[in-house]
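Subject: Handover of a structure and notes on it

Dear colleague,

Please find the structure below, followed by a short account of what was found in it. I would be grateful if you read the notes with the structure open.

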Amino acid sequence: MKTTDFSSSSSPSDRRIGALLRHLNSGNELGIADRLSSVYASPTSGVAGGSVFAHLVQAPEDPILGVTVAYNKDPSPIKLNLGVGAYRTEEGKPLVLNVVRKAEQQLINDKSRIKEYLPIAGLVEFNKLSAKLILGADSPAIRENRITTVECLSGTGSLRVGGEFLAKHYHQKTIYITQPTWGNHPKIFTLAGLTVKTYRYYDPSTRGLNFQGLMEDLGAAPPGAIVLLHACAHNPTGVDPTIQQWEQIRQLMRSKGLMPFFDSAYQGFASGSLDTDAKPIRMFVADGGECLVAQSYAKNMGLYGERVGALSIVCKSADVAGKVESQLKLVIRPMYSSPPIHGASIVAVILRDRNLFNEWTLELKAMADRIISMRKQLFEALRSRGTPGDWSHIIKQIGMFTFTGLNPAQVSFMTKEYHIYMTSDGRISMAGLSSKTVPHLADAIHAVVTKAL
Amino acid sequence: MAMAMRIRNAASRRAMSPISGDFSLRSMSSWWKNVEPAPKDPILGVTEAFLADPSPDKVNVGVGAYRDDNGKPVVLECVREAERRIAGSSFMEYLPMGGSVKMVEETLKLAYGDNSEFIKDKRIAAVQSLSGTGACRLFADFHKRFRPDSQIYIPVPTWSNHHNIWRDAQVTQKTYHYYHPETKGLNFSGLMDDVKNAPEGSFFLLHACAHNPTGVDPTEEQWREISQLFKAKNHFAFFDMAYQGFASGDPAKDAKSIRIFLEDGHHIGISQSYAKNMGLYGQRVGCLSVLCEDEKQAVTVKSQLQQLARPMYSNPPLHGAQIVSTILGDPELKSLWLKEVKIMADRIIGMRTTLRESLEKLGSPLSWEHVTKQIGMFCYSGLTPEQVDRLTSEYHIYMTRNGRISMAGVTTGNVGYLANAIHEVTKSS
């Protein structure tokens, strides 16, 4: 995330940009919204012909999406983009799933299809199928009609709508997020109107789960507080609790009335099995309690750009679910009126058709298997180079990302010397690797670890 | 608030219940049992009610979605062709936070002019948005973050969702006079008074053309006077343009108000939507733009708009944007689109004439001049809520209770029925 040096500029706004960049480069995602709102001059400037927004300073590049921006700018012929989590084939190409292609054709060939507004809550069939997908077709909550599901703009949109609903209707306005977590989480919930706190999650010394810290922090949370849980394939660490640990988390949360808010962005992508990856959520729903679930189809159906997702709120009764849905609509209407039709239509075509669904599960498993294979190859490559340190976390962590354990200085070195791009927290997207590029990455890691940095 | 107290008490009771291993939560009550059922959306709720009505005579002149003369929704030919070309695309990745650059470029040309110096000089901060709603909401959030000291003036009446948007963005709202019920036209002097009396540097929401719900637009001369007064008061003009091309059939003509303000040197903001004029309702495609002092400021403002989009939806949807770029980027398709827009606009203008003539032929005691004077998709009929209710319960005719008729829902097949029903409920007025 390196841009020109503003700190020596004579322009006050440029110097402010420099200060802001320095703050953000220190890696602390929390409080960015607060810092931004204080970084501008008097709001009454810009009258008499000048712009009313003359006092603005330029916002920094998004730390995740900005990696690809920097990668694209790099002229080196040998460069590697391990930044944003979008799946790549062994040839390094993006992938449109076969089932998506087929669904698209079906939609095009259906002359009766129109483009009218969806209902505020989105495509009805899509909502029903999404709830089934994440909770299981035999879920008692579905049978008892106690779920409301609304189509939203991928995972981000589902989290934001859920967050705004909670800020309006839930008695506790604090949400606990893991440390670390996806960089966009704190901003989403802050703008939704919630107060963001963290709970311990990642243990740098073991590169695994800090289970004791997690249980202590959730145990100390005020009753009723909201807790954001990554359903599987934790982003950015790839570290997930075991089933036994999930059970203990569930019991603790229920005993304190903590509200579970699941972020499910990788169902099927983590282990290759849709049911396995949904197990933690289903455990919570099985105990009869309430929870929120944000689903994304960006990765597991490769529908990134179409922004397809769903927010489900599992309630105690059908009556409550109906009221909750009506209030969710009041959150959505002033945000974008109704969600986009295309992506949800594709998903509905696939999920409702037995053959397409089965074909999808195979394509999904193939993607998951390739990533697991990349993990094994990278681990082997480091072992064969005799790279110092324990790199077993590479094969223990799960999902699209590996938290390498590299620090920002090391990351910077890898970018400069080896043209390898990743987020400054050392997170690499395994989906961006191939058998051909694993050696290059292994060389770079070996070099940076053996260097005295 | 009593509800909050009840919820808090329930929560503390729960916290004191015994903890014992794996226990059932069925005895606990819902966290949400005090959530009130929300009222139906006044506009979208009309279509829901219409769909539930089994009567074969029912007519939906509620929501503003275009219908052809058979009462059927329309997918434009240019859109079908664009979709065919896009299908099989290997690109389904994330768009940048600011959306499709190509789509935004073409969209700015429509609003600012093909040869706009502002586009050449890169002075416009613009991002793809979730149709018009999304553009307004992004601007409202932006307004709140960077000019929290100022307020937005909203016309009376306006599209009902405007109030929701600025309220959820937590921007202080005020209103300004707009519609004159007596003349069923513009309350120009009231509008100018409110503009004059607003504190200097206020933000105003203006409907660029085809005002929703009244169909009443200022004349060109009136727009010029409004612009001059805005200059004197240093107000910020934010245009909501949801019907470009749809009002007169000519997109350049429909953007006249914006062009006047640009000529006069205002730094404006614009929300553009392709929901109606390209029939892309469900795709949610639009654009928010803010004209800045220079390129550097435009880059700055755009970066801040993106900061607001990222925690809302990360980046906007791809498909609708691809359709727009394909159409506007191809001279033949663009020309086909312009033809199709004109056909839609002309059909509506034709229905206005027919409806008015039908009412006059029935011997209505009232004047229906406003039906043909008003412009765009909607006619503000002047019907009272009680009369609207009668239309629904006795004639199965559905419209919003403010008497707004969506002319797009009127056809040669139902205009006689509609005129008759309106006459019946108004003839004793």
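How much accessible surface does chain B have, and what share of it belongs to carbon and sulfur atoms? The accessible surface comes to about 16,400 Å², and 53% of it belongs to carbon and sulfur atoms. Such areas come from the Shrake-Rupley method with a 1.4 Å probe, and for residues only the protein chains shown count as cover.

Residues are numbered from 1 along each chain as its sequence is written, chains are lettered from A and ligands numbered from 1 in the order in which they are written, and side-chain values use heavy atoms, with hydrogens and water left out.

Confidence

The model scores ipTM 0.87 and pTM 0.88. The average pLDDT (the predictor's confidence in each residue, from 0 to 100) of chain B is 91, and 92% of its residues score at least 70. Over residues 9-27 of chain B, however, the pLDDT is below 50, and this stretch has 22 contacts in the model beyond near neighbours in sequence. A contact means heavy atoms within 4.5 Å. Where pLDDT is low, the predicted coordinates should not be read in detail.

Chain B as a whole

Chain B contains 17 helices and 13 strands; these are DSSP runs numbered from the N terminus, helices being H or I of at least four residues and strands E of at least two. Along its principal axes, the C-alpha trace of chain B spans about 80 × 60 × 55 Å. Of the 429 residues, 62% count as buried (under 20% relative accessible area; exposed is over 50% and partly exposed in between, with a 1.4 Å probe and protein chains only).

N161(B) is in helix 7, residues 160-168. It counts as buried because its relative accessibility is 0%. Leaving aside residues up to four places away in sequence, N161(B) touches R333(A), P334(A), S337(A) and T133(B).

P96(B), by contrast, sits in the loop between helix 3 (77-86) and helix 4 (101-112). With a relative accessible area of 47%, P96(B) is partly exposed.

Backbone details

Most residues other than glycine have a negative phi, and most peptide bonds are trans. Which peptide bond has an omega of about 0°? A cis peptide bond with that value joins Q179(A) and P180(A), and P180(A) is in the loop between strand 3 (174-179) and helix 8 (185-192) of chain A. The bond from N212(B) to P213(B) is also cis, with omega near 20°.

Although it is not a glycine, R207(A) has a positive phi of about 55°; R207(A) is partly exposed, at 23% relative accessible area. A233(A), likewise not a glycine, has a positive phi of about 50°, and A233(A) is buried, at 3%.

Yours sincerely
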